[in-house]
Amino acid sequence: MFGAMHVGAATLIIDIITIAAVLAVMYVFFYRRKSVKLMLLYTAVLALYITVIILEDYAGVPVPIARGLISLAAWFLVAAVVVVYQSDFKVMFFNLTKSTDKSTLVDSDLSDEELRKSVDEIIRACQTMSKARTGALIVIAPTAVAKHILDTGVELEAIVSASLLEAIFNTRAPFHDGAVIIKGNKVLAAGCFLPLSQSQAVAKNLGTRHRAGIGITEESDMLTIIVSEETGIISIAKHGELRRFVTPDRLRDILHETLKITPQTRTRSL
């Protein structure tokens, strides 16, 4: 009997630890996505499920119908999370894949001059597309690119140039709706699909392109440049935050900082 009590106590402790861990994961997951209402809903269902288990396993009160219904609701909510946040789960695997994928190696052999030229080409393309109100989504990867992101598009491995970017985002081009992935001075892929941000803080008047641009930065160190098709406004997203009305000079500073380009020293004129 004494041994049975020990087993029961150990089981209870394990259950409590498991529940606490599940609650912690749920809180972090929904809090980072600013989905407080969903967090409360899932917490309520979990509380009901725990109550049913306590009644049956510890109090000895049989409630098979309630347990069946709660179990069905729990599985439905789990499936709903997987469907609704499937893009987020893909991004969560970014840190697991970036250290093993060959395409994620840092271009350490590139000189500052090569990176500056790449930045200048990107800015020139953004200015041209902004004036023409051509929508564009450019992802700048300072370190790594997850393979599953590249696999959604078409591999290019081409040197960055303004003419290439303008051709890709031309409305008659087959890849203009997707994103371009740039690392170092190369366009790795075009026509890539990115995870959409689920944040409630994103303005309702912003479309899919902006949500995709924000979404990829929420779980990675990437920076995205978005050119609005409707207004021609140039925006950047980093760490899940969007900054609009970015000027070419400000964009150049941000790209230099992101790519860790050494600032050029200016000589004073005599």
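This is a predicted model: local features need pLDDT of at least 70, side-chain atom pairs count only at pLDDT 80 or more; totals for chains, interfaces and linings use all residues.
Valine 139 stands opposite threonine 224 in strand E5. E1 (residues 136–140) and E5 (residues 223–227) run antiparallel and are joined over 5 bridges.

E1 has another pairing, with E3 (residues 179–183). Here the sense is parallel, over 3 bridges. Valine 139 stands opposite isoleucine 181 of E3. Isoleucine 138 stands opposite valine 180 of E3.

E5 in turn pairs with E6 (234–238). This pairing is antiparallel, with 5 bridges. Isoleucine 225 is set opposite isoleucine 236 of E6. The hairpin of E5 and E6 has 6 residues between the strands, and glycine 232 there takes a positive phi near 80 degrees.

These pairings are part of an open sheet. It is formed by 7 strands in the order E2-E4-E3-E1-E5-E6-E7, with mixed pairing. The edges are E2 (154–159) and E7 (241–243); each has a single partner strand, so one side of each is left without a neighbour in the sheet. On average, neighbouring strands of the sheet are turned by 25 degrees against each other, direction ignored.

What is the burial of E1? Of the 5 residues of E1, 5 are buried, so the strand is largely enclosed by the rest of the structure. Ala136, Ile138 and Ile140 point one way, Leu137 and Val139 point the other way, and all are buried. E5 is mostly covered, with 5 of its 5 residues buried. Leu223, Ile225 and Val227 point one way from E5; Thr224 and Ile226 point the other way; all are buried.

H9 (residues 208–215) lies across E1, E5, E6 and E7 and runs at about 170 degrees to E5. H10 (residues 248–258) lies across E1, E5, E6 and E7 as well, at about 160 degrees to E5.

H9 has 7 of its 8 residues buried, so it is largely enclosed by the rest of the structure. The buried set is Arg209, His210, Arg211, Ala212, Gly213, Ile214 and Gly215. These residues pack against E1, E5, E6 and E7. Histidine 210 lies in this helix. Its relative accessibility is 5%, under the 20% cut-off, and so histidine 210 counts as buried. Beyond its neighbours within four places in sequence, histidine 210 is in contact with Ile226, Ser228, Ser235 and Leu242. Histidine 210 and leucine 137 are 73 residues apart in sequence, yet 8.2 Å apart in space, C-alpha to C-alpha.

H6 (residues 112–132) is also in contact with the sheet strands. At 1.5 Å a residue, its 21 residues should span 30 Å; the end C-alpha atoms are 30 Å apart, which agrees. Just after H6, arginine 133 takes a positive phi of about 55 degrees. Buried residues of H6 include Leu115, Arg116, Ser118, Val119, Glu121 and Ile122. Ile123, Ala125, Cys126, Met129 and Ser130 are buried too. The buried residues of H6 pack against E1, helix H8 (162–168), E3, E5, E6 and H10.

Which residues of H6 meet H10? From H6 come Arg116, Val119, Asp120, Ile122, Ile123, Cys126 and Gln127; from H10 come Pro248, Leu251, Arg252, Leu255 and His256. The contact divides into 7 nonpolar, 2 polar and 3 charged residues. H6 and H10 pack at an angle of about 145 degrees, and their axes are 10 Å apart. The crossing is right-handed.

Technical notes
Residues are numbered from 1 along each chain as its sequence is written. Side-chain values use heavy atoms; hydrogens and water are left out. Axes are lines fitted to C-alpha atoms, for helices over the stretch in contact, and angles run from 0 to 180 degrees between N-to-C directions. Helices (H or I, at least four residues) and strands (E, at least two) are DSSP runs, numbered from the N terminus. A crossing is left-handed if the near helix is turned anticlockwise from the far one by less than a right angle, and right-handed if clockwise. Contact means heavy atoms within 4.5 Å. Ala, Val, Leu, Ile, Met, Phe, Trp, Tyr, Cys and Pro count as nonpolar, Asp, Glu, Lys and Arg as charged, and the others, Gly among them, as polar. Buried means under 20% relative accessible area, exposed over 50%, partly exposed in between (1.4 Å probe, protein chains only). Two strands pair if DSSP finds at least two bridges between them. The expected span of a helix is 1.5 Å times one less than its number of residues.
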